[in-house]
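Open the model in your viewer and keep the sequence panel beside it. This tour tells you what to select at each stop.

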Amino acid sequence: MRAVFFEEFNGPIAIKDIEVPYPAPKSVLIKVEATGLCRSDWHGYVGHDSDIALPHVPGHELAGTVAQIGNQVKNFKVGDRVTVPFVNGCGVCQWCTSGNAQVCPTQTQPGFTQFGSFAEFVEIKNADFNLIALPEEISFEVAAALGCRFATAFRGLTARAEVQNGQLVAIFGCGGVGLSAVMIAKAFGAKVIAVDINEVALANAKNAGADIVLEATSAVDEIQKLGGAHIAVDALGSQQTAEASVKSLRRMGKHIQLGLLLTKDGLTPMAMARVIGWELELIGSHGMAAVDYPQMLQMISDKKLDPAQFIKRTITLEEAPEALRNMNQTVQDGITIIEP
């Protein structure tokens, strides 16, 4: 099968013919119909993710059809339309059985712990536990856009932050995660402030439903003049955006960390005096388990959420290596979908 393939971090990347994986007894082989190009894929390509063993095939946001099933798979058949979270749980540990597969200690992640979806086919392990049946009214392209960015924002705001109607929500960083967070917060009745340094990103946030858009340099002061945010989200992942998110909160507010904070020592300075004095909550959120997808899919089917508007470009597998290589050099205006 054709696949995007690299043998060294931040090195040559190209299309290569590799062997089609044979599904294990509890696995399925998915024919990839669409897969998203995500900044997390770039982090993996340049070597920021310790789970990746070389050589490697990236790609973790995917949707497609079941092409082959292992002999112990019971709930899916060849031809089923499916999608999958980027975190796949073991299905048997205390975290998985409590509905929290997104923190499974032995989780697998296509595109990180194993070959991913920038290919014609991808294996998904523990399929009965991790696969999600895709409603006919949701396209493969939209489903691929959900797997990381949109689902992460959905769970972060709903299950972790418990966003409520009428709350003030500040979103720092208006890339794929941030725009998703804007749309989701609005769908739950929040007043949304979007913050970025880029005019294109702010325009996209306005189109996604943001009530107010602010340039980053003045955002904290402006948000505090409004009384401070009930919920603030770092959707980018940097020391600057994390700190600004915390400092934009009102007393007893909630900071949600969605963007990856990748530092050499794994540590990020934080305004802990403010956290203590104002009794703020610092909350991490890591993807969304398959069991939590139905509410989100229903809201998309009911047109209460429209992630399709974030898809700005569709490219071929042959165009994917260059797009991945250059991802950190260009402004990411919306979501790019790869169709193998």
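**The whole chain**

Start with a surface view of the chain: its accessible surface comes to about 14600 Å², and 51% of that belongs to carbon and sulfur atoms. Accessible areas here come from the Shrake-Rupley method with a 1.4 Å probe, and for residues only the protein chains shown count as cover.

Two notes before going on. This is a predicted model, in which local features need pLDDT of at least 70, side-chain atom pairs count only at pLDDT 80 or more, and totals for chains, interfaces and linings use all residues. Residues are numbered from 1 along each chain as its sequence is written, and side-chain values use heavy atoms, with hydrogens and water left out.

Switch to cartoon. The chain has 11 helices and 15 strands. Both are DSSP runs numbered from the N terminus: helices are H or I with at least four residues, strands are E with at least two.

Show the C-alpha trace. Along its principal axes it spans about 60 × 40 × 35 Å.

Colour by burial next. Buried residues make up 54% of the 340 residues in the chain. Buried means under 20% relative accessible area, exposed means over 50%, and partly exposed is in between (1.4 Å probe, protein chains only).

Colour by charge. There are 27 positive and 36 negative side chains, and the centres of the two sets lie 6 Å apart. Lys and Arg count as positive, Asp and Glu as negative; His and the chain ends are not counted. Each charge is placed at NZ of Lys, CZ of Arg, CG of Asp or CD of Glu.

**Stop 1: helix 6**

Select residues 199-207, which form helix 6. Which of its residues are buried? They are Ala 201, Leu 202, Asn 204 and Ala 205. These cover an arc of only 160° around the axis, so they sit on the same side of helix 6. The arc is that of the directions from the helix axis to the C-beta atoms.

The face away from the buried side carries the exposed residues Glu 199 and Asn 207.

The buried residues of helix 6 pack against helix 5 (176-187), strand 9 (191-196), strand 10 (212-215) and strand 14 (311-316).

**Stop 2: helix 8 and Asp 234**

Select residues 239-247 for helix 8. Its buried residues are Thr 241, Ala 242, Ala 244, Ser 245 and Val 246. They pack against several elements, including helix 7 (216-225), strand 11 (229-234) and strand 12 (249-257).

Stay here and pick Asp 234, in strand 11. Is Asp 234 buried or exposed? At 0% relative accessibility, Asp 234 counts as buried. Leave aside neighbours within four places in sequence, and its contacts include Thr 241, Ala 242 and Ser 245. His 255 is also among the contacts of Asp 234. The C-alpha atoms of Asp 234 and His 255 are separated by 7.7 Å, and the two residues are 21 apart along the chain.

**Stop 3: two prolines**

Select Pro 110, in the loop between helix 2 (94-97) and strand 6 (121-124). Its relative accessibility is 0%, so Pro 110 counts as buried. Not counting residues up to four places away in sequence, Pro 110 touches Gly 59, His 60, Phe 86, Asn 88, Phe 115, Gly 116, Val 122 and Ile 124.

Move to Pro 55, in the loop between helix 1 (39-46) and strand 4 (61-69). The peptide bond from Leu 54 to Pro 55 is cis, with omega near -5°.

**Stop 4: backbone angles**

Most residues other than glycine have a negative phi, and most peptide bonds are trans. Two residues to check come next.

Select Glu 162, in the loop between helix 4 (140-160) and strand 8. Its phi is near 55°, a positive value. Glu 162 is partly exposed, with a relative accessible area of 46%.

Then select Met 252, in strand 12. Its phi is near 65°, also positive. Met 252 is exposed, at 60% relative accessible area.

**Last stop: Glu 318**

Select Glu 318, in the loop between strand 14 and helix 11 (320-325). Glu 318 counts as partly exposed, at 45% relative accessibility. Beyond its neighbours within four places in sequence, Glu 318 is in contact with Arg 2 and Ile 15. Draw a line from Glu 318 back to Ser 245: the distance is 39 Å, C-alpha to C-alpha.

Terms used: Contact = heavy atoms within 4.5 Å.
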